[in-house]
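Hi everyone, thanks for coming along.

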Amino acid sequence: MKNLCFYFEIHQPMRLKRYRFFDIEQDHYYYDDFQNEERIRMLAEQSFLPANRTLLEIIQNSNGKFRCAFSFSGIVLEQLEQYAPEVIDSFEELSKTGCVEFMAETYAHSLSSVYDIHEFEQQVALQTEKIESLFGKKPTVFRNSELIYSDEIGEKIYNMGYRTILIDEVSHVLGWKSPNFVYRHPTLPKLKLLVRNFKLSDDIAFHFSDRSWSDYPLTADKFISWIKNMPDDQPVVNIWLGYEALGLFQRPESGIFEFLKAIPFFALQNNIGFLMPSEVAKKIEAVDILSSPEPISWSGIEKDISLWNGNDLQQEALEKLYAVGERVRLCTDRPLRHDWLMLQSSDHFRYMSHKDAFGTYYESPYDAFMNYMNILADFLLRVDEQYPTTIDNEELNALLNTIYELEKEVERLENELKKLRSRKKTEN
Amino acid sequence: MKVLMFGWEFPPHILGGLGTASYGLVKAMAHQPDMEITFVIPKLYGDEDQSFLKIIGACYVPVVWKENDWNYVNERIGWIMNPDEYFWLRNGIKYDFRRIYTNDLGCIEFSGRYPDNLLEEISNYEAVASVLAHQLSFDVIHSHDWLTYPAGIFAKQISGKPLVVHVHATEFDRSRGNVNPIVYDIEKRGMDAANHIITVSNLTRNIVIEKYFQDPKKVTTVHNAVEPLPDVDSYVKTPRSDKIVTFLGRITMQKGPEYFVEAANRVLKKNKKVRFVMAGNGDMMQDMINLAAKRGITDRFHFTGFLKGRQVYQMLADSDVYIMPSVSEPFGISPLEAMQVGTPTIISKQSGCSEILTHSIKIDYWDIDGMADAVNAIIRNPAMYKSLHELGREEVNNIRWEDAGKKVIKIYNSLLGK
């Protein structure tokens, strides 16, 4: 039996406000609240809410046969809570059907898996906590920001306790292999890899309303017939896309929601089922290994990570940011920790790309870089204020440990003192 | 195809961007197959490079019939022009121009500059055009900038050949709104009479369409390019402890020098390790010295006066940032020259070159905060400097006159129905 596995990504960075170098040390608030609110409201109204309504209807009409998954960055959840709480409610409702799964990823939609392993671990923990507190389910399947993956990153994720990871269909990794199977890590046989079907996913996400496309108009009937006509031994077709494709990239008048509604009908008629990623991993055996020595992602023509770290601007920004990772994690200042997360979103670096600054709201990559670096300069000064950079990390750690030990010692002695005093009292 | 082209300046005797731009374009066009260009300028010095085209000096074209014998003419102008040509051109005198002051050969003495009696020179140039139009054979007439429009129009009226006018600047750019009605009139007549109008940027194209009421269909943008610098490697950046930020050009209203001073003031409030240089000359120089003094930054703000030749490129190469804050710049070649020697540039969005440059920082000319911020970003972040330095140079090396020349020839062909 063939299966379809739908998964939708939801992420929006905190957009940064115009921050001049005169503002450094003067202004510690970095975000453009107006723009963020407007963007989240727009996405909620045009995409998230109508799409959620559609999915709920599909699940109910198919008696729970239709199933799908979502991934959220912690940052977008924060913004939804603030600007569009009804979206959270509507996801809760979806979650209650039991036909929806939420996945683990980094809190900040960051590149920490490549640049800072400790940060990576912390962010995943933060994100999964957040998901659990909102929807009551702990994620078991991992999908990294931008589907960034390499053998090494896979190992890190495995060590964090995950056994299923989502990756993209990248020709130099798959070679002649089909994405419609389950694969495994080259050295960790228990680590299963699910592969996105790139063509069919993009057909929905980007081509659906494109009149110059040879397959326009795409109907559910046609779409399912493509899957039906695939060789019978291919067990799963993974259709993964950004959630805003529904309603925003593909407008409601293009018929995208009707298309979705019709999918389960034609699928079930042709004996094609629906699975959530965790179910895919459970039910389908891995057929072969997939090895990716270099990081891959789901963006760009090369499908590597050069859209985020390919040029000098991006490299300098990333280096300066992650150089203080260890130091920031020693800090306890909450606003500082929060800004640290917000500044890590991969989007900020994508805006600095000369090749493809997808989603940018800056005039040029240079403009994006200038603004980001001014903010980062202020941020770094704040970090420095907490713990001067003249002390190196190890020394600082040692000092912090000593302080901690001393505090414990004082506490112990105080307790002892209390005990002795009370004994003295009773003796008296 | 034969082209009769009217210009005002030709290297090495150039005063502004017009000479550089028309030279680059003509040179590239002359190297295309089946192109024969006759370039007319008011004053011929004799040291111009005529290897790829014929140059006629209007100051050696007789407009009033004077009886002279061959030997006398040879003695007078034989060093620069064949006397036979003089006599042949003399046959083209069909009108009575005796109202114009001429010399013993019946020729007009042109200054070839921008003198106070510029309007008189422009109309005298028209007289020369009539003689040439009667004697020369050509398929297209091409006039560079308003000074030569009347000459082009007259040549068109006489020969019936199509006229192309090339707008390198408009009165709206030069005057920042205070348009001289006489100049506007000359420009408008030229455009009205033209079969096709070439503008150096879309910015200028819009002005031509909106302010001169031209049909958009007959206005085409052909962006300028820049000649490759043969001795580019000889300009080396001198190591200094302070960063150098430069303004280079005429210090006039059009170039927005006051925004440069204000931006300098902003930067210097935060960072004392920068020096600002204002290179060039112009009627606002005194005001700028006063303004810098008023802001109290003269210890870090320097004036060099007029630079030329190698000095220009050396100044650019020594700079860490080049800024062109022009209020209205039809094209603006200097940022491209700065990029050739690898200097990062900040240019105003109100400039034509910003339409074709990617690796340059673009700001509104009035946005002094943005300008100061960009200066700071370039001098503080090595990646920013490096990107603009390397990618900017690469970009500018791919902007070639050859492509511009081909576009112009395409316009000729469409006018001739080819």
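How far apart do the C-alpha centres of domain 1 of chain B and domain 2 of chain B lie? They are 33 Å apart.

Before we go on, this is a predicted model, where local features need pLDDT of at least 70 and side-chain atom pairs count only at pLDDT 80 or more, while totals for chains, interfaces and linings use all residues. Residues are numbered from 1 along each chain as its sequence is written, and chains are lettered from A and ligands numbered from 1 in the order in which they are written.

Let's start with the domains. In chain B, domain 1 covers 2-225 + 401-415 and domain 2 covers 232-397; these bounds come from an automatic or database domain assignment. Where they touch, domain 1 of chain B gives 16 residues and domain 2 of chain B gives 11 residues, with contact meaning that C-beta atoms, placed from the backbone, lie within 7 Å. On the domain 1 side, helix H1 (17-30), helix H6 (171-175) and helix H8 (202-211) of chain B are the elements that give two or more residues. Helices here are DSSP runs of H or I with at least four residues, strands are E runs of at least two, and both are numbered from the N terminus.

Now for the sheet. Chain B has an open sheet of 7 strands in the order E3-E2-E1-E4-E5-E6-E7, with parallel pairing; two strands pair if DSSP finds at least two bridges between them. Strand E3 (54-57) and strand E7 (219-221) of chain B are at the edges with a single partner strand each, so one side of each has no neighbour in the sheet.

Zooming in, strand E4 (residues 140-144) and strand E5 (residues 163-167) of chain B run parallel and are joined by 4 bridges. Which residue in E5(B) is the bridge partner of His144(B)? That is His166(B). H8(B) packs on this sheet, where H8(B) touches E5, strand E6 (196-199) and E7 of chain B.

Finally, the whole chain. Chain B holds 15 helices and 13 strands, and its C-alpha atoms fill a box of roughly 75 × 45 × 40 Å along the principal axes. Of the 418 residues in chain B, 50% are buried, meaning that 20 or more other C-beta atoms, placed from the backbone, lie within 10 Å of a residue's own. Among contacts in chain B between residues at least 6 apart in sequence, 70% join residues at least 24 apart.

Definitions and conventions
Contact = placed C-beta atoms within 7 Å. Axes fitted to C-alpha atoms, helices over the stretch in contact; angles between N-to-C directions. Buried ≥ 20, exposed ≤ 12 C-beta atoms within 10 Å, placed from the backbone.
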